[in-house]
Amino acid sequence: MGFLNAKTDLLQWAKANKAAYQRALPFPNIVFTDFFDEEMLNHVLREFPDLAKAKEVQHYDNHNEKKYQAKGEAVFGDTMRQLMHYLNSQPMLEFLQELTGIKEVLLPDPYFVGGGCHEIKPGGLLKVHADFNKHELTGLDRRINLLIYLNKDWEESFGGHFELWNQEMTQAEKRVLPVFNTVAIFSTTSFAYHGHPNPLTCPPGRSRKSLALYYYTNGRPAEEVNPDIKAHSTIFVGRKDIADDVKKIKRPFKTILLDYIPPIVVKLIKKTR
């Protein structure tokens with residue numbers, strides 16, 4: 001059993017789609033359907049745990065985000081682990097390098113910091129935001145997100161659309177229904193605004209399941225760097241003309257410190273715990 005759809009030749013696929021990716025609005029992105037082998041992905045879905053009951057899970061429950069996020073590989077089943085390791089391997093990195101046109105060498109995140117298994121229950125959401133821009137352990141620059149949706153028989157009325165917004169926050173340039181075997185790939189900057197901002201309306205007992213992988217480089221182009229924005233955590237931004245769309249959430253003091261302490265120091269602190 002392979003990982004990819006039999007029709008998918010990674011490098012040829014990247015060459016055929018790189019122009020579309022790099023020219024896409026509101027920032028470089030692309031969406032593929034039936035990218036993975038269906039039988040393999042069915043195994044992954046069967047292994048996906050109820051994150052509300054699993055260990056090693058972060059539960060976010062505030063105005064801006066209501067979701068569950070696993071920590072590292074703790075919840076991975078055998079097939080899911082094999083898939084996630086493949087997505088961090090040389091063939092996938094070369095595919096992403098060609099597709100995105102990024103010049104700096106792409107590196108995976110074997111720690112799955114912020115990535116891995118994500119789940120949103122009915123009523124849950126993730127307001128529009130720009131992602132954290134530095135890896136907390138390595139200090140590398142976050143450059144690409146790859147999202148895999150695992151939701152079968154998912155109806156439009158259930159919501160949960162993945163939305164990509166313009167910098168003026170006046171409209172979503174793209175909305176993606178999170179149906180099974182749909183893959184969204186996009187470049188991340190401090191202005192790449194995206195999210196799932198409206199409460200999920202799927203029936204009780206259903207949830208929005210996805211896998212997330214992030215890729216990094218050592219440095220990034222000068223035009224992508226805002227000198228006024230240093231290393232930062234997630235930045236939530238409100239949609240224009242929607243009052244109180246996002247709210248400032250009080251963060252624990254130790255997480256605020258992580259925005260200012262060099263990554264090597266953070267790593268040393270964690271080792272001494």
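Predicted model: local features only at pLDDT ≥ 70, side-chain atom pairs only at ≥ 80, totals over all residues.

Visitor: Where is Ala 74 found?

Guide: Ala 74 lies in the loop between β3 (65-70) and α3 (78-87).

Visitor: Is Ala 74 buried or exposed?

Guide: Ala 74 is exposed, because its relative accessible area is 52% and the cut-off for exposed is over 50%.

Visitor: What separates the C-alpha atoms of Ala 74 and Lys 240?

Guide: A distance of 39 Å separates these C-alpha atoms, and the two residues are 166 residues apart along the chain.

Visitor: On to the strands. In which sense do β3 and β4 pair?

Guide: They pair in the antiparallel sense, over two bridges. Tyr 68 has Glu 119 in β4 as its bridge partner.

Visitor: Which strand pairs with β4 over five bridges?

Guide: That is β11 (residues 208-217), again in the antiparallel sense. Here Cys 117 has Leu 211 in β11 as its bridge partner.

Visitor: And how many residues of β4 are buried?

Guide: Five of the five residues in β4 (residues 116-120) are buried.

Visitor: Now the helices. At what angle do α1 and α4 pack?

Guide: Helix α1 (residues 10-23) and helix α4 (residues 90-100) pack at about 35°, and their axes are 7 Å apart. The crossing is right-handed.

Visitor: Which residues meet there?

Guide: Among them are Leu 10, Trp 13 and Tyr 21 in α1, and Met 92, Phe 95 and Leu 99 in α4. By class, the contact has nine nonpolar, three polar and four charged residues.

Conventions. Residues numbered from 1 in each chain as written. Heavy atoms only, no water. Helix = DSSP H or I, 4+ residues; strand = E, 2+ residues; numbered from the N terminus. Buried < 20%, exposed > 50% of the residue type's maximum accessible area, 1.4 Å probe, protein only. Pairing = 2+ DSSP bridges. Axes fitted to C-alpha atoms, helices over the stretch in contact; angles between N-to-C directions. Left-handed = near helix turned anticlockwise from the far one by under 90°. Contact = heavy atoms within 4.5 Å. Nonpolar A, V, L, I, M, F, W, Y, C, P; charged D, E, K, R; others polar.
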